[in-house]
Amino acid sequence: MRLSRFFLPVLKETPSDAEIISHQLMLRAGMIRQQSAGIYTWLPLGWKVLQKIEQIVREEQNRAGAVEMLMPTLQSADLWRESGRYDDYGQEMLRITDRKKRDMLYGPTNEEMITDIFRSYCRSYKDVPKLLYHIQWKFRDEIRPRFGVMRGREFLMKDTYSFDTDEAAARKSYNRMFIAYLNTFTRLGLKAVPMRADTGPIGGDLSHEFIVLAETGESEVFCHADLVEMGAPGASVDFDGDLQPLVDQRTALYAATEEMHDPAAFAAVPKHRQLSARGIEVGHIFNFGTKYSEPMKANLTHPDGQDRPVHMGSYGVGVSRLFGAIIEAHHDEKGCIWPDSVAPFDLGIINMRAGDGACDSACDGAYASLVAAGLDPLYDDTDNRAGAKFATADLIGLPYQLVVGPRGLKEGKVEVKIRRSGETHELSLEDAVARLAAKDFANG
RNA sequence: CGGGGCGUAGCGCAGCCUGGUAGCGCAUCUGGUUUGGGACCAGAGGGUCGCAAGUUCGAAUCUUGCCGCCCCGACCA
(Lines give C-alpha, C1' and ligand atoms only; values in the text may rest on other atoms or scores of the structure.)
Protein backbone atom coordinates (compact mmCIF):
# COMPACT_ATOMS: atom_id res chain seq x y z
CA MET A 1 0.00 0.00 0.00
CA ARG A 2 1.23 3.43 -0.90
CA LEU A 3 0.86 5.87 1.93
CA SER A 4 -0.35 8.51 -0.51
CA ARG A 5 -3.37 6.32 -1.20
CA PHE A 6 -3.92 5.11 2.30
CA PHE A 7 -6.03 6.88 4.90
CA LEU A 8 -3.81 7.60 7.85
CA PRO A 9 -4.88 10.67 9.82
CA VAL A 10 -2.06 10.90 12.36
CA LEU A 11 -2.10 13.54 15.06
CA LYS A 12 0.96 15.37 16.21
CA GLU A 13 -0.59 16.29 19.50
CA THR A 14 -2.21 14.05 22.06
CA PRO A 15 -5.96 14.53 22.35
CA SER A 16 -6.70 15.78 25.84
CA ASP A 17 -9.36 13.28 26.74
CA ALA A 18 -7.15 10.22 26.34
CA GLU A 19 -5.67 9.16 29.63
CA ILE A 20 -3.80 5.94 29.10
CA ILE A 21 -1.03 5.38 26.63
CA SER A 22 -2.80 2.86 24.41
CA HIS A 23 -5.74 5.20 23.96
CA GLN A 24 -3.46 8.14 23.20
CA LEU A 25 -1.42 6.18 20.68
CA MET A 26 -4.46 4.70 18.96
CA LEU A 27 -5.85 8.18 18.44
CA ARG A 28 -2.54 9.70 17.39
CA ALA A 29 -1.72 6.88 15.00
CA GLY A 30 -5.07 7.29 13.28
CA MET A 31 -6.31 3.85 14.29
CA ILE A 32 -9.57 4.78 15.95
CA ARG A 33 -11.94 7.67 16.22
CA GLN A 34 -14.37 8.12 19.04
CA GLN A 35 -17.94 8.50 17.88
CA SER A 36 -19.59 8.59 21.26
CA ALA A 37 -18.61 7.58 24.78
CA GLY A 38 -17.18 4.09 24.55
CA ILE A 39 -18.01 3.73 20.85
CA TYR A 40 -15.33 3.91 18.20
CA THR A 41 -14.80 3.86 14.49
CA TRP A 42 -11.95 1.58 13.51
CA LEU A 43 -10.00 3.57 10.97
CA PRO A 44 -8.10 1.63 8.29
CA LEU A 45 -4.88 1.15 10.25
CA GLY A 46 -6.69 0.06 13.40
CA TRP A 47 -9.04 -2.16 11.47
CA LYS A 48 -6.09 -4.03 9.96
CA VAL A 49 -4.66 -4.72 13.38
CA LEU A 50 -8.02 -5.70 14.83
CA GLN A 51 -8.52 -8.22 12.05
CA LYS A 52 -5.09 -9.70 12.67
CA ILE A 53 -5.82 -10.13 16.35
CA GLU A 54 -9.18 -11.65 15.50
CA GLN A 55 -7.58 -14.06 13.07
CA ILE A 56 -5.09 -15.35 15.61
CA VAL A 57 -7.87 -15.85 18.13
CA ARG A 58 -9.83 -17.70 15.46
CA GLU A 59 -6.95 -19.94 14.44
CA GLU A 60 -6.30 -21.00 18.01
CA GLN A 61 -9.96 -21.71 18.64
CA ASN A 62 -10.09 -23.86 15.55
CA ARG A 63 -6.93 -25.66 16.58
CA ALA A 64 -8.51 -26.47 19.92
CA GLY A 65 -11.51 -28.01 18.23
CA ALA A 66 -14.01 -25.19 18.52
CA VAL A 67 -16.36 -24.52 15.61
CA GLU A 68 -17.06 -21.02 14.37
CA MET A 69 -20.50 -19.60 13.69
CA LEU A 70 -22.06 -16.15 13.89
CA MET A 71 -25.01 -15.12 16.00
CA PRO A 72 -26.72 -11.76 15.51
CA THR A 73 -26.07 -8.65 17.56
CA LEU A 74 -29.77 -8.04 18.13
CA GLN A 75 -31.71 -10.49 20.21
CA SER A 76 -35.30 -10.90 21.21
CA ALA A 77 -36.06 -10.22 24.86
CA ASP A 78 -38.06 -13.45 25.07
CA LEU A 79 -35.01 -15.67 25.47
CA TRP A 80 -33.76 -13.49 28.26
CA ARG A 81 -37.08 -13.63 30.02
CA GLU A 82 -36.80 -17.40 29.89
CA SER A 83 -33.45 -17.45 31.66
CA GLY A 84 -34.61 -14.80 34.06
CA ARG A 85 -31.85 -12.41 33.10
CA TYR A 86 -33.98 -9.85 31.29
CA ASP A 87 -34.79 -8.14 34.54
CA ASP A 88 -31.56 -9.06 36.31
CA TYR A 89 -29.20 -7.54 33.78
CA GLY A 90 -30.23 -4.02 34.57
CA GLN A 91 -29.17 -0.81 32.91
CA GLU A 92 -26.11 -2.33 31.26
CA MET A 93 -28.31 -3.95 28.69
CA LEU A 94 -29.28 -1.75 25.80
CA ARG A 95 -32.96 -2.29 25.17
CA ILE A 96 -34.57 -1.51 21.84
CA THR A 97 -38.14 -1.68 20.62
CA ASP A 98 -38.88 -2.55 17.02
CA ARG A 99 -41.75 -1.20 14.92
CA LYS A 100 -44.09 -3.90 16.14
CA LYS A 101 -43.31 -2.85 19.71
CA ARG A 102 -41.43 -6.05 20.31
CA ASP A 103 -38.77 -5.87 23.02
CA MET A 104 -35.33 -6.39 21.57
CA LEU A 105 -31.86 -5.91 22.95
CA TYR A 106 -28.33 -5.43 21.67
CA GLY A 107 -26.63 -8.54 22.96
CA PRO A 108 -24.22 -8.10 25.85
CA THR A 109 -23.48 -11.84 25.66
CA ASN A 110 -24.97 -14.92 24.05
CA GLU A 111 -25.57 -17.67 26.62
CA GLU A 112 -29.33 -17.61 26.13
CA MET A 113 -29.15 -17.61 22.37
CA ILE A 114 -26.62 -20.41 22.10
CA THR A 115 -28.56 -22.47 24.61
CA ASP A 116 -31.66 -21.99 22.52
CA ILE A 117 -29.80 -23.03 19.40
CA PHE A 118 -28.34 -26.07 21.07
CA ARG A 119 -31.60 -27.30 22.56
CA SER A 120 -33.43 -27.01 19.28
CA TYR A 121 -31.05 -29.43 17.54
CA CYS A 122 -29.41 -31.59 20.21
CA ARG A 123 -31.23 -34.14 22.35
CA SER A 124 -28.82 -36.99 22.96
CA TYR A 125 -25.64 -37.52 24.92
CA LYS A 126 -24.30 -38.57 21.52
CA ASP A 127 -24.58 -34.97 20.32
CA VAL A 128 -21.87 -33.79 22.68
CA PRO A 129 -19.18 -32.69 23.32
CA LYS A 130 -19.50 -29.52 21.28
CA LEU A 131 -17.54 -26.30 21.36
CA LEU A 132 -19.17 -23.47 19.41
CA TYR A 133 -17.92 -19.94 19.14
CA HIS A 134 -18.42 -16.69 17.38
CA ILE A 135 -16.60 -13.39 17.15
CA GLN A 136 -19.16 -10.64 17.30
CA TRP A 137 -19.76 -7.09 18.43
CA LYS A 138 -21.39 -6.72 21.79
CA PHE A 139 -22.79 -3.82 23.68
CA ARG A 140 -22.80 -3.17 27.36
CA ASP A 141 -24.03 0.20 28.44
CA GLU A 142 -21.30 0.70 31.01
CA ILE A 143 -21.83 3.25 33.69
CA ARG A 144 -18.51 4.70 32.80
CA PRO A 145 -16.68 3.68 29.67
CA ARG A 146 -12.99 4.51 29.87
CA PHE A 147 -9.48 3.66 28.76
CA GLY A 148 -10.46 3.96 25.12
CA VAL A 149 -11.01 0.64 23.53
CA MET A 150 -10.15 -1.32 26.65
CA ARG A 151 -13.38 -0.48 28.33
CA GLY A 152 -15.74 0.54 25.59
CA ARG A 153 -19.47 0.09 25.47
CA GLU A 154 -19.34 -1.48 22.04
CA PHE A 155 -16.62 -4.10 21.84
CA LEU A 156 -15.56 -7.10 19.79
CA MET A 157 -15.58 -10.34 21.68
CA LYS A 158 -14.88 -13.94 20.94
CA ASP A 159 -17.13 -16.15 22.99
CA THR A 160 -17.10 -19.90 22.97
CA TYR A 161 -19.71 -22.13 24.56
CA SER A 162 -19.18 -25.73 25.55
CA PHE A 163 -21.74 -28.49 25.84
CA ASP A 164 -21.03 -31.72 27.69
CA THR A 165 -22.78 -34.58 29.39
CA ASP A 166 -21.46 -34.00 32.87
CA GLU A 167 -19.01 -32.19 35.07
CA ALA A 168 -16.06 -34.44 34.23
CA ALA A 169 -16.58 -34.03 30.51
CA ALA A 170 -17.10 -30.30 30.91
CA ARG A 171 -13.71 -30.08 32.53
CA LYS A 172 -12.11 -31.43 29.38
CA SER A 173 -13.73 -28.70 27.34
CA TYR A 174 -12.60 -26.21 29.91
CA ASN A 175 -9.05 -27.47 29.63
CA ARG A 176 -9.08 -27.10 25.86
CA MET A 177 -9.95 -23.46 26.17
CA PHE A 178 -7.46 -22.97 28.97
CA ILE A 179 -4.62 -24.19 26.77
CA ALA A 180 -5.95 -22.47 23.65
CA TYR A 181 -5.90 -19.18 25.53
CA LEU A 182 -2.30 -19.58 26.59
CA ASN A 183 -1.32 -20.20 22.98
CA THR A 184 -3.44 -17.32 21.71
CA PHE A 185 -1.98 -14.71 24.00
CA THR A 186 1.56 -15.86 23.39
CA ARG A 187 1.11 -15.49 19.64
CA LEU A 188 -0.14 -11.98 20.27
CA GLY A 189 3.11 -11.14 22.00
CA LEU A 190 1.58 -11.07 25.45
CA LYS A 191 2.45 -12.70 28.74
CA ALA A 192 -0.88 -13.76 30.15
CA VAL A 193 -1.22 -15.49 33.47
CA PRO A 194 -4.30 -17.53 34.36
CA MET A 195 -5.68 -16.60 37.74
CA ARG A 196 -8.43 -18.18 39.75
CA ALA A 197 -11.57 -16.13 39.45
CA ASP A 198 -14.61 -15.82 41.60
CA THR A 199 -17.20 -18.37 40.54
CA GLY A 200 -20.00 -16.57 42.31
CA PRO A 201 -23.13 -18.50 43.18
CA ILE A 202 -22.18 -21.37 40.86
CA GLY A 203 -19.26 -22.46 42.95
CA GLY A 204 -16.62 -24.94 41.91
CA ASP A 205 -13.07 -24.23 40.86
CA LEU A 206 -13.60 -23.86 37.14
CA SER A 207 -13.18 -20.20 36.42
CA HIS A 208 -10.02 -18.40 35.43
CA GLU A 209 -9.24 -14.91 34.30
CA PHE A 210 -6.33 -14.45 31.95
CA ILE A 211 -4.38 -11.42 32.98
CA VAL A 212 -1.85 -9.63 30.80
CA LEU A 213 0.91 -8.10 32.83
CA ALA A 214 1.44 -4.46 31.92
CA GLU A 215 2.62 -1.57 34.00
CA THR A 216 -0.50 0.39 33.20
CA GLY A 217 -2.89 -2.45 34.02
CA GLU A 218 -6.07 -1.50 35.77
CA SER A 219 -5.91 -3.93 38.64
CA GLU A 220 -3.26 -5.28 40.93
CA VAL A 221 -2.35 -8.93 40.66
CA PHE A 222 -0.16 -11.28 42.67
CA CYS A 223 1.49 -14.43 41.44
CA HIS A 224 4.40 -16.80 41.49
CA ALA A 225 7.01 -15.47 39.06
CA ASP A 226 7.46 -18.92 37.50
CA LEU A 227 4.01 -18.60 35.95
CA VAL A 228 5.11 -15.65 33.88
CA GLU A 229 8.13 -17.45 32.54
CA MET A 230 6.38 -20.73 31.92
CA GLY A 231 5.30 -19.86 28.39
CA ALA A 232 2.63 -21.51 26.32
CA PRO A 233 2.40 -25.18 25.40
CA GLY A 234 2.46 -24.22 21.72
CA ALA A 235 0.96 -25.54 18.53
CA SER A 236 2.15 -29.08 19.09
CA VAL A 237 -0.31 -29.75 21.89
CA ASP A 238 -2.60 -32.68 21.31
CA PHE A 239 -5.97 -31.24 22.16
CA ASP A 240 -7.56 -34.67 22.04
CA GLY A 241 -5.10 -35.96 24.60
CA ASP A 242 -5.04 -35.42 28.35
CA LEU A 243 -4.57 -31.72 28.96
CA GLN A 244 -4.99 -31.95 32.71
CA PRO A 245 -1.25 -32.11 33.53
CA LEU A 246 -0.60 -28.95 31.51
CA VAL A 247 -3.44 -27.17 33.27
CA ASP A 248 -2.39 -28.44 36.69
CA GLN A 249 1.12 -27.22 36.10
CA ARG A 250 -0.24 -23.70 35.63
CA THR A 251 -2.83 -23.72 38.36
CA ALA A 252 -0.69 -25.22 41.09
CA LEU A 253 1.26 -22.03 41.68
CA TYR A 254 -0.21 -19.02 43.41
CA ALA A 255 -1.89 -16.43 41.21
CA ALA A 256 -4.69 -14.09 42.18
CA THR A 257 -6.26 -10.79 41.37
CA GLU A 258 -6.92 -8.25 44.06
CA GLU A 259 -10.41 -9.59 44.77
CA MET A 260 -9.20 -13.16 45.22
CA HIS A 261 -5.90 -12.29 46.89
CA ASP A 262 -4.94 -14.29 49.94
CA PRO A 263 -1.93 -12.64 51.59
CA ALA A 264 -1.20 -15.70 53.69
CA ALA A 265 -1.03 -18.01 50.68
CA PHE A 266 1.04 -15.44 48.80
CA ALA A 267 3.47 -15.28 51.71
CA ALA A 268 4.10 -18.99 51.25
CA VAL A 269 5.58 -18.28 47.81
CA PRO A 270 9.37 -17.98 48.06
CA LYS A 271 10.18 -14.34 48.61
CA HIS A 272 12.25 -13.82 45.47
CA ARG A 273 9.50 -15.44 43.39
CA GLN A 274 6.72 -13.24 44.70
CA LEU A 275 5.52 -11.06 41.88
CA SER A 276 3.04 -8.29 42.39
CA ALA A 277 2.19 -6.36 39.26
CA ARG A 278 -0.52 -4.61 37.35
CA GLY A 279 -2.69 -6.54 34.99
CA ILE A 280 -5.34 -6.30 32.29
CA GLU A 281 -8.00 -8.96 32.04
CA VAL A 282 -8.17 -10.16 28.44
CA GLY A 283 -9.94 -13.44 28.82
CA HIS A 284 -12.27 -15.22 31.16
CA ILE A 285 -13.23 -18.87 31.10
CA PHE A 286 -16.08 -20.17 33.12
CA ASN A 287 -17.86 -23.39 33.69
CA PHE A 288 -21.42 -22.74 34.80
CA GLY A 289 -22.89 -26.22 34.72
CA THR A 290 -26.63 -26.15 34.22
CA LYS A 291 -27.31 -22.51 35.04
CA TYR A 292 -28.93 -21.86 31.66
CA SER A 293 -29.71 -25.35 30.44
CA GLU A 294 -31.94 -26.05 33.41
CA PRO A 295 -34.31 -23.07 33.18
CA MET A 296 -34.22 -23.21 29.41
CA LYS A 297 -34.73 -26.97 29.31
CA ALA A 298 -31.70 -27.84 27.22
CA ASN A 299 -31.69 -31.53 28.11
CA LEU A 300 -29.80 -34.53 26.89
CA THR A 301 -31.13 -38.03 27.01
CA HIS A 302 -28.48 -40.20 28.63
CA PRO A 303 -27.78 -43.92 28.08
CA ASP A 304 -29.93 -44.69 31.11
CA GLY A 305 -32.91 -43.15 29.37
CA GLN A 306 -33.03 -40.18 31.73
CA ASP A 307 -33.08 -36.54 30.58
CA ARG A 308 -30.59 -34.27 32.30
CA PRO A 309 -29.61 -30.67 31.56
CA VAL A 310 -26.49 -30.27 29.45
CA HIS A 311 -23.36 -29.00 31.21
CA MET A 312 -22.14 -25.75 29.80
CA GLY A 313 -19.29 -23.32 29.97
CA SER A 314 -18.47 -20.02 28.33
CA TYR A 315 -15.10 -18.70 27.32
CA GLY A 316 -14.61 -15.07 26.42
CA VAL A 317 -11.77 -13.13 24.88
CA GLY A 318 -12.01 -9.37 24.57
CA VAL A 319 -10.68 -8.97 21.05
CA SER A 320 -10.91 -5.19 20.92
CA ARG A 321 -9.59 -4.98 24.45
CA LEU A 322 -6.58 -7.03 23.39
CA PHE A 323 -5.77 -4.24 20.95
CA GLY A 324 -5.27 -1.86 23.83
CA ALA A 325 -3.52 -4.45 25.95
CA ILE A 326 -0.95 -5.15 23.24
CA ILE A 327 -0.08 -1.47 22.98
CA GLU A 328 0.11 -1.16 26.74
CA ALA A 329 2.64 -3.97 26.68
CA HIS A 330 4.50 -2.83 23.56
CA HIS A 331 5.26 0.85 23.15
CA ASP A 332 7.88 3.47 23.82
CA GLU A 333 7.94 7.26 23.89
CA LYS A 334 7.81 7.41 20.10
CA GLY A 335 4.78 5.22 19.62
CA CYS A 336 3.56 1.69 19.17
CA ILE A 337 5.87 -1.28 18.69
CA TRP A 338 3.76 -4.01 17.16
CA PRO A 339 4.70 -7.64 17.50
CA ASP A 340 5.20 -9.00 13.96
CA SER A 341 2.10 -11.16 14.34
CA VAL A 342 -0.34 -8.26 14.52
CA ALA A 343 1.51 -5.35 12.91
CA PRO A 344 -0.79 -3.48 10.53
CA PHE A 345 1.84 -3.76 7.80
CA ASP A 346 4.82 -6.09 7.74
CA LEU A 347 7.19 -3.20 7.22
CA GLY A 348 7.48 0.38 6.08
CA ILE A 349 9.39 1.56 3.04
CA ILE A 350 10.52 5.11 3.51
CA ASN A 351 11.38 7.06 0.40
CA MET A 352 13.47 9.90 1.76
CA ARG A 353 13.20 11.96 -1.38
CA ALA A 354 10.06 11.25 -3.29
CA GLY A 355 10.46 12.62 -6.79
CA ASP A 356 14.15 11.82 -6.96
CA GLY A 357 14.61 9.34 -9.80
CA ALA A 358 17.05 7.07 -8.03
CA CYS A 359 15.04 6.98 -4.82
CA ASP A 360 11.77 6.40 -6.62
CA SER A 361 13.03 3.55 -8.72
CA ALA A 362 14.81 1.90 -5.79
CA CYS A 363 11.67 2.12 -3.65
CA ASP A 364 9.34 1.04 -6.44
CA GLY A 365 11.55 -1.98 -7.09
CA ALA A 366 11.82 -2.89 -3.42
CA TYR A 367 8.09 -2.54 -3.01
CA ALA A 368 7.34 -4.79 -5.96
CA SER A 369 9.81 -7.44 -4.78
CA LEU A 370 8.50 -7.46 -1.24
CA VAL A 371 4.90 -7.69 -2.38
CA ALA A 372 5.88 -10.51 -4.69
CA ALA A 373 7.46 -12.23 -1.69
CA GLY A 374 4.10 -12.16 0.04
CA LEU A 375 4.76 -9.24 2.37
CA ASP A 376 2.45 -6.32 2.98
CA PRO A 377 4.57 -3.15 3.06
CA LEU A 378 3.43 0.42 3.65
CA TYR A 379 5.35 2.51 1.15
CA ASP A 380 5.76 6.12 2.22
CA ASP A 381 5.85 7.81 -1.17
CA THR A 382 4.68 11.18 0.11
CA ASP A 383 6.77 14.31 -0.32
CA ASN A 384 7.06 14.96 3.38
CA ARG A 385 10.39 15.60 4.97
CA ALA A 386 12.48 12.78 6.33
CA GLY A 387 11.87 13.65 9.94
CA ALA A 388 8.14 13.61 9.56
CA LYS A 389 8.27 10.26 7.82
CA PHE A 390 10.39 8.71 10.54
CA ALA A 391 8.12 10.10 13.21
CA THR A 392 5.05 8.65 11.53
CA ALA A 393 6.67 5.28 10.95
CA ASP A 394 7.74 5.08 14.57
CA LEU A 395 4.32 6.22 15.78
CA ILE A 396 2.34 3.61 13.92
CA GLY A 397 4.89 1.06 15.04
CA LEU A 398 5.72 -1.00 11.96
CA PRO A 399 8.31 -3.56 13.09
CA TYR A 400 10.78 -2.81 10.29
CA GLN A 401 11.60 0.23 8.22
CA LEU A 402 13.42 0.11 4.91
CA VAL A 403 14.95 3.56 4.52
CA VAL A 404 15.98 4.63 1.04
CA GLY A 405 17.64 8.01 0.58
CA PRO A 406 19.80 9.77 -1.99
CA ARG A 407 22.80 9.92 0.29
CA GLY A 408 22.88 6.18 0.90
CA LEU A 409 22.06 5.26 -2.64
CA LYS A 410 25.21 7.01 -3.85
CA GLU A 411 27.14 4.42 -1.84
CA GLY A 412 24.75 1.72 -3.00
CA LYS A 413 23.36 1.42 0.52
CA VAL A 414 19.98 1.47 2.16
CA GLU A 415 19.09 1.11 5.79
CA VAL A 416 16.91 -1.32 7.66
CA LYS A 417 15.75 -0.21 11.04
CA ILE A 418 14.32 -2.53 13.65
CA ARG A 419 11.60 -0.58 15.41
CA ARG A 420 11.77 -2.44 18.70
CA SER A 421 15.49 -2.15 19.36
CA GLY A 422 16.14 0.93 17.27
CA GLU A 423 19.16 -0.76 15.73
CA THR A 424 19.92 -0.11 12.09
CA HIS A 425 21.64 -2.17 9.43
CA GLU A 426 23.29 -0.60 6.42
CA LEU A 427 23.35 -2.88 3.43
CA SER A 428 22.73 -3.04 -0.27
CA LEU A 429 19.19 -2.72 -1.55
CA GLU A 430 19.26 -6.30 -2.82
CA ASP A 431 20.43 -7.69 0.50
CA ALA A 432 17.91 -5.63 2.42
CA VAL A 433 15.03 -6.81 0.29
CA ALA A 434 16.20 -10.41 0.40
CA ARG A 435 16.59 -10.43 4.15
CA LEU A 436 13.29 -8.67 4.74
CA ALA A 437 11.52 -11.08 2.42
CA ALA A 438 13.06 -13.97 4.34
CA LYS A 439 12.01 -12.37 7.64
CA ASP A 440 15.63 -12.55 8.55
CA PHE A 441 15.48 -9.60 10.92
CA ALA A 442 12.80 -11.14 13.11
CA ASN A 443 15.34 -12.71 15.40
CA GLY A 444 17.65 -9.73 15.63
C1' C B 1 -24.96 6.39 40.53
C1' G B 2 -21.71 9.57 44.32
C1' G B 3 -17.48 13.13 43.90
C1' G B 4 -14.49 16.43 40.60
C1' G B 5 -13.52 18.84 35.88
C1' C B 6 -14.05 20.42 30.83
C1' G B 7 -16.95 22.13 26.19
C1' U B 8 -13.74 28.74 22.29
C1' A B 9 -11.09 27.07 14.23
C1' G B 10 -9.45 20.08 12.33
C1' C B 11 -5.99 19.24 17.01
C1' G B 12 -3.75 21.47 21.59
C1' C B 13 -4.87 25.78 24.32
C1' A B 14 -5.37 31.32 26.09
C1' G B 15 -9.32 34.87 26.82
C1' C B 16 -14.03 34.37 31.37
C1' C B 17 -12.43 36.35 37.72
C1' U B 18 -13.00 42.47 36.46
C1' G B 19 -19.05 42.12 30.06
C1' G B 20 -17.33 46.29 24.95
C1' U B 21 -18.00 42.70 18.27
C1' A B 22 -12.29 36.46 19.50
C1' G B 23 -6.63 35.20 19.88
C1' C B 24 -1.96 31.85 20.00
C1' G B 25 0.70 27.25 18.46
C1' C B 26 0.16 23.13 15.23
C1' A B 27 -2.55 21.61 10.90
C1' U B 28 -4.75 23.45 5.95
C1' C B 29 -4.26 26.55 1.18
C1' U B 30 -0.92 29.89 -2.20
C1' G B 31 4.09 31.52 -3.59
C1' G B 32 9.22 31.01 -2.73
C1' U B 33 13.57 28.82 -0.40
C1' U B 34 14.58 24.03 1.49
C1' U B 35 15.08 18.46 1.98
C1' G B 36 18.78 11.98 6.34
C1' G B 37 14.80 12.62 12.59
C1' G B 38 8.00 16.32 13.07
C1' A B 39 11.98 22.91 7.93
C1' C B 40 11.95 28.39 7.00
C1' C B 41 9.98 33.13 5.01
C1' A B 42 5.75 35.78 3.12
C1' G B 43 0.60 35.72 2.49
C1' A B 44 -4.51 33.49 2.91
C1' G B 45 -8.80 30.80 4.44
C1' G B 46 -11.32 28.73 8.54
C1' G B 47 -15.08 29.95 14.71
C1' U B 48 -23.63 29.72 15.45
C1' C B 49 -17.42 30.60 21.65
C1' G B 50 -21.95 22.99 23.23
C1' C B 51 -27.56 24.32 23.17
C1' A B 52 -31.57 27.31 25.18
C1' A B 53 -33.56 30.94 28.10
C1' G B 54 -32.45 35.17 31.32
C1' U B 55 -29.79 39.84 33.17
C1' U B 56 -27.70 44.07 30.32
C1' C B 57 -27.38 49.48 25.78
C1' G B 58 -24.02 45.32 24.95
C1' A B 59 -22.63 38.28 26.89
C1' A B 60 -17.32 33.66 25.03
C1' U B 61 -17.32 36.35 29.81
C1' C B 62 -22.67 37.00 34.71
C1' U B 63 -27.41 33.68 36.12
C1' U B 64 -30.54 29.30 35.33
C1' G B 65 -31.74 24.91 32.76
C1' C B 66 -30.40 21.18 29.34
C1' C B 67 -26.87 18.30 26.33
C1' G B 68 -22.09 16.19 25.49
C1' C B 69 -17.27 14.56 27.02
C1' C B 70 -13.29 13.37 30.57
C1' C B 71 -11.17 11.95 35.49
C1' C B 72 -11.62 9.37 40.68
C1' G B 73 -14.84 5.66 43.10
C1' A B 74 -18.40 1.26 42.96
C1' C B 75 -19.15 -2.57 38.42
C1' C B 76 -17.37 -5.25 34.11
C1' A B 77 -14.33 -9.04 28.30
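Reader: What makes R353 and RNA strand B a polar contact?
Author: An N or O atom in the side chain of R353 is 2.8 Å from a sugar or linking oxygen of RNA strand B. A polar contact is a pair of N or O atoms within 3.5 Å; within protein, one must be able to donate a hydrogen and the other to accept it, and residues adjacent in sequence count only if both atoms are side-chain atoms. The 2.8 Å of R353 falls within 3.5 Å, so the pair counts. This is a predicted model, in which local features need pLDDT of at least 70 and side-chain atom pairs count only at pLDDT 80 or more, while totals for chains, interfaces and linings use all residues; side-chain values use heavy atoms, with hydrogens and water left out. Residues are numbered from 1 along each chain as its sequence is written, and chains are lettered from A and ligands numbered from 1 in the order in which they are written.

Reader: Which residues are called near RNA strand B, and why?
Author: A residue is near if one of its heavy atoms lies within 4 Å of the strand. By that rule 45 residues surround RNA strand B, and R144, R151, E281, D394 and G408 are the closest.

Reader: What gives the most to the surface near RNA strand B?
Author: Helix 12 does, with seven residues. Helices (H or I, at least four residues) and strands (E, at least two) are DSSP runs numbered from the N terminus.

Reader: How do you know that domain 1 and domain 2 are in contact?
Author: The domain assignment of chain A, automatic or from a database, gives domain 1 as 21-71 + 110-335 and domain 2 as 345-437. Contact means heavy atoms within 4.5 Å; ten residues of domain 1 reach eight residues of domain 2 in this way. About 830 Å² is buried between the two domains, 51% of it from carbon and sulfur atoms. Buried area is the accessible area (1.4 Å probe) that two parts lose on being put together, summed over both. In domain 1, L45, K48 and K334 lose the most area to domain 2, together 47% of what that side buries.

Reader: Why is the pair K48 and D376 called a salt bridge?
Author: A salt bridge is a side-chain nitrogen of Lys or Arg within 4 Å of a carboxyl oxygen of Asp or Glu. The side chains of K48 and D376 meet at 2.5 Å, N to O, so the pair qualifies. Two salt bridges are found across the interface of domain 1 and domain 2. On the domain 1 side, helix 1 (21-28) and helix 2 (44-63) each supply at least two residues, and helix 2 gives the most, with three.

Reader: What makes E68 and R58 a salt bridge?
Author: Their side chains meet at 2.8 Å, N to O, which is within the limit, so this is a salt bridge. E68 is in strand 3 (residues 67-68) and R58 is in helix 2, ten residues apart. The structure holds 27 salt bridges.
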